Amino acid sequence: MDSSRLSGQQDRASSPSPVPPHDAAVAGMFGRIVRFYDLLNRVLSLGLDQHWRKVLARNVRMGESGVVLDLAAGTLDVSLAIRRQYPTALVPALDFCPPMLVQGSRKLKGDNARRILPVAADAKRLPLPDASVDCLTIAFGIRNIIPRETAFAEMLRVLRPGGRACILEFGSGRERIWGGLYNVYLNHLLPRVGRMFSKDPAAYAYLADTIRAFPSAVELEKEMRKAGFSKAWYQKLTSGIVCLHVGEKAR
């Protein structure tokens with residue numbers, strides 16, 4: 001796959017269709033905090049977000065096509081982590097918030113500027129051919145997609161037989177972690193710090209709300225199996241604050 005082939009598929013994503021209110025609201029929210037996004041990721045995770053992305057990239061499995069799709073690519077930190085892990089990989093980097101991709105594109109130098117392909121697109125309607133990617137990643141994005149089963153169906157459509165989906169996401173905020181200390185951080189400190197830096201009172205309250213409402217790791221694994229992944233498993237990171245979910249398409 002090259003950029004011209006990707007461009008040729010964009011009609012699938014760009015044909016006129018109404019944007020659901022939830023999608024428009026989330027895209028607008030991320031567009032408002034884009035200037036502070038990377039800084040807040042580091043501050044609010046105490047730098048652990050970089051470690052989590054490395055673990056994600058290490059679980060990527062590249063095959064014959066050499067294409068690894070990065071969904072909800074945001075400011076392209078995962079795309080860059082994939083390229084560090086697999087220097088020959090071609091990484092279409094898709095996100096439905098164009099300002100995030102514009103911000104991330106400033107990080108692309110040298111070969112990365114040619115091998116990472118930022119494209120504005122909806123994860124529920126991917127501008128890619130069937131069975132066209134070896135592996136895909138989505139970091140801290142599946143939580144924002146409604147309904148998830150539509151995104152899972154698209155993942156399975158674009159994955160090659162035997163392909164792998166690697167999903168990095170926060171664990172459910174309904175589980176007590178570190179004796180409840182994390183839950184206090186999630187419910188009280190995170191929204192306050194986010195508001196102080198970004199000046200957007202809704203953005204980090206939304207983050208805490210979606211983490212609290214997100215399924216447990218066991219429940220999400222069941223969702224992935226029900227969606228059609230022939231294998232699915234998860235690994236808890238940092239005591240379950242974050243979970244890496246892996247699903248594989250049948251060969």
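**View 1. Arg143 and Glu169, a buried pair.** Arg143 is buried, and Glu169 is buried as well, where buried stands for a relative accessible area under 20%, exposed for over 50% and partly exposed for what lies in between, computed with a 1.4 Å probe on protein chains only. The model is a predicted one, in which local features need pLDDT of at least 70 and side-chain atom pairs count only at pLDDT 80 or more, while totals for chains, interfaces and linings use all residues. Residues are numbered from 1 along each chain as its sequence is written, and side-chain values use heavy atoms, with hydrogens and water left out. The side chains of Arg143 and Glu169 meet in a salt bridge at 2.5 Å, N to O, a salt bridge being a side-chain nitrogen of Lys or Arg within 4 Å of a carboxyl oxygen of Asp or Glu. Because Arg143 lies in the loop between strand S4 (133-139) and helix H9 (148-158), and Glu169 in strand S5 (residues 159-170), the pair ties together parts that are 26 residues apart in sequence; helices (H or I, at least four residues) and strands (E, at least two) are DSSP runs numbered from the N terminus.

**View 2. The salt bridge between Glu248 and Arg61.** The side chains of these two residues, Glu248 and Arg61, come together in a salt bridge of 3.2 Å, N to O. Glu248 belongs to strand S7 (residues 242-248) and Arg61 to the loop between helix H5 (48-58) and strand S1 (68-71), so the pair ties together parts that are 187 residues apart in sequence. Glu248 is buried, at a relative accessible area of 8%, whereas Arg61 is partly exposed, at 31%.

**View 3. The salt bridge between Lys124 and Asp122.** In the salt bridge that Lys124 forms with Asp122, the closest N and O atoms are 3.5 Å apart. Lys124 counts as buried at 16% relative accessibility, while Asp122 is partly exposed, with a relative accessible area of 25%.

**View 4. The two sides of helix H12.** Helix H12 (residues 217-227) has as its buried residues Ala217, Leu220, Glu221 and Met224. These residues cover an arc of only 105° around the axis, which puts them on the same side of H12, the arc being that of the directions from the helix axis to the C-beta atoms. Lys222 and Lys226, on the other side of H12, are exposed. Among the elements that cover the buried residues of H12 are H9, S5, strand S6 (231-237) and S7, with contact taken as heavy atoms within 4.5 Å. Gly228, which follows H12, has a positive phi, near 130°.
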